Amino acid sequence: MKRSFLSFLLLMFSLSSVFAAESPAEVATRFRKAWREMDFTTLRTLSTPVSADFIGELESAVKAMPNSEKIQQKDNLAVIEVEAPLIPLTFSTLYLEQIDGVWKVDLAAMAGDGDETKYAVLTPLPFCSTNLKQLWIWLMIYAQETDGIAPGKDGAAGLDELRKNDTMADPVLYHCPADASRTAAQPGEVIAEANCSYVYFGGMEFDKQPLPERMPILFDKPGIAHDEIVNVVFLDGHVEQVEGEFRSVVALIEKLIVRGELTGDQAKFLREKAAGADRRLKEEKGK
């Protein structure tokens, strides 16, 4: 009986060692699966304790999403329009921290709700793209309360709406570490062009805008040192690193319009937004 009990203890110890010895890559694989399935129990298990609040907010947002389907059927044919999810399905970068020998996903930092700056040493280049992805998430959460519409003002003034209504108040998220010409705002300070590293196109509708995968909503300001790479997040949430030396917002947008084969109202909309962004940048430099 004693030998059986000792064998059981050894088995439990060996199993706990296996789980404790999971590598960052293995934890990341389990996390991505749980994220795709919106398995909040597993997400809490795999994430850092400080991520609990963000997971709770995310779970509430998912439960509040409408789950409607439009069905058209005739004879032996049917078309079902499924409403696009207002929650992102992937992250371009995962942050992990080892806590008591166990690797945990720092979801709070990934969402801009924690200390993401400590990871900049490991990931200096994609850090900006991660910031943009996080801001896109918070824009989506903001839009949950505004019929799917992002903050209406362009530029830093639009992003400051996230701060004013406490959707995302952390000033670090609005500033890229590679941006040597600007300094991040202090907690509680207004998000302005002088402390914001990104160009924002306001007023887009997440669930109604045609071709969201081709419509840029948020991207690096010209001149940020990324080795002639501009990080761009599109309305559908995916982030791209667009190569080129763009001295103006207009130059970048023209490339995206041509590449995306955008015409008519969409092209006009983007050109007007780009011209306005360049005017704000000129005013910023003149101060």
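1. Does asparagine 195 count as buried or exposed? The model is a predicted one, and in this model asparagine 195 has a relative accessibility of 5%. The cut-off for a buried residue is under 20% relative accessible area, so asparagine 195 counts as buried.

2. Leaving aside residues up to four places away in sequence, asparagine 195 touches Tyr174, His175, Thr183, Ala184, Ala185, Glu189 and Val190.

3. On the overall composition, the protein has nine helices and eight strands. Of its 287 residues, 44% count as buried. Among the contacts with a separation of 6 or more, 56% are between residues 24 or more positions apart.

4. Four strands form an open sheet, in the order E5-E6-E7-E8 and with antiparallel pairing. Strand E5 (198-200) and strand E8 (239-243) stand at the edges; each has a single partner strand, so one side of each is left without a neighbour in the sheet. From one strand to the next, the twist averages 25 degrees.

5. E5 is joined to strand E6 (residues 216-220) by three bridges, and tyrosine 198 has aspartate 220 in E6 as its bridge partner. E6 and E7 also pair over three bridges in the antiparallel sense; here the bridge partner of phenylalanine 219 is valine 232 in E7. Between E7 and E8 there are five bridges, with valine 230 partnered by valine 242 in E8.

6. Which residues of strand E7 point each way, and are they buried or exposed? Ile229, Asn231 and Val233 point one way, Val230, Val232 and Phe234 point the other way, and all are buried. Because six of the six residues of E7 (residues 229-234) are buried, the strand is largely enclosed by the rest of the structure. E7 and E8 form a hairpin with four residues between them, and in the turn glycine 237 has a positive phi of about 100 degrees.

7. Helix H2 (residues 24-37) has 14 residues and reaches 20 Å from its first C-alpha to its last, close to the 20 Å expected at 1.5 Å a residue. Its buried residues are Val27, Ala28, Phe31, Ala34 and Trp35. These cover an arc of only 130 degrees around the axis, which puts them on the same side of H2. In general, an α-helix has 3.6 residues a turn, so residues three or four places apart point the same way. Ala25 and Arg36, on the other side of H2, are exposed.

8. The buried residues of H2 pack against several elements: helix H3 (40-46), helix H4 (52-64), strand E3 (96-99), strand E4 (102-105) and helix H5 (107-110). Just after H2, methionine 38 takes a positive phi of about 50 degrees.

9. Glutamate 261 lies in the loop between helix H8 (249-259) and helix H9 (264-286). With a relative accessible area of 64%, glutamate 261 is exposed. Glutamate 261 is 47 residues from arginine 214 in sequence, while their C-alpha atoms are 8.8 Å apart in space.

Definitions and conventions
Residues are numbered from 1 along each chain as its sequence is written. This is a predicted model: local features need pLDDT of at least 70, side-chain atom pairs count only at pLDDT 80 or more; totals for chains, interfaces and linings use all residues. Side-chain values use heavy atoms; hydrogens and water are left out. Two strands pair if DSSP finds at least two bridges between them. Helices (H or I, at least four residues) and strands (E, at least two) are DSSP runs, numbered from the N terminus. Axes are lines fitted to C-alpha atoms, for helices over the stretch in contact, and angles run from 0 to 180 degrees between N-to-C directions. The expected span of a helix is 1.5 Å times one less than its number of residues. Buried means under 20% relative accessible area, exposed over 50%, partly exposed in between (1.4 Å probe, protein chains only). The arc is that of the directions from the helix axis to the C-beta atoms. Contact means heavy atoms within 4.5 Å.
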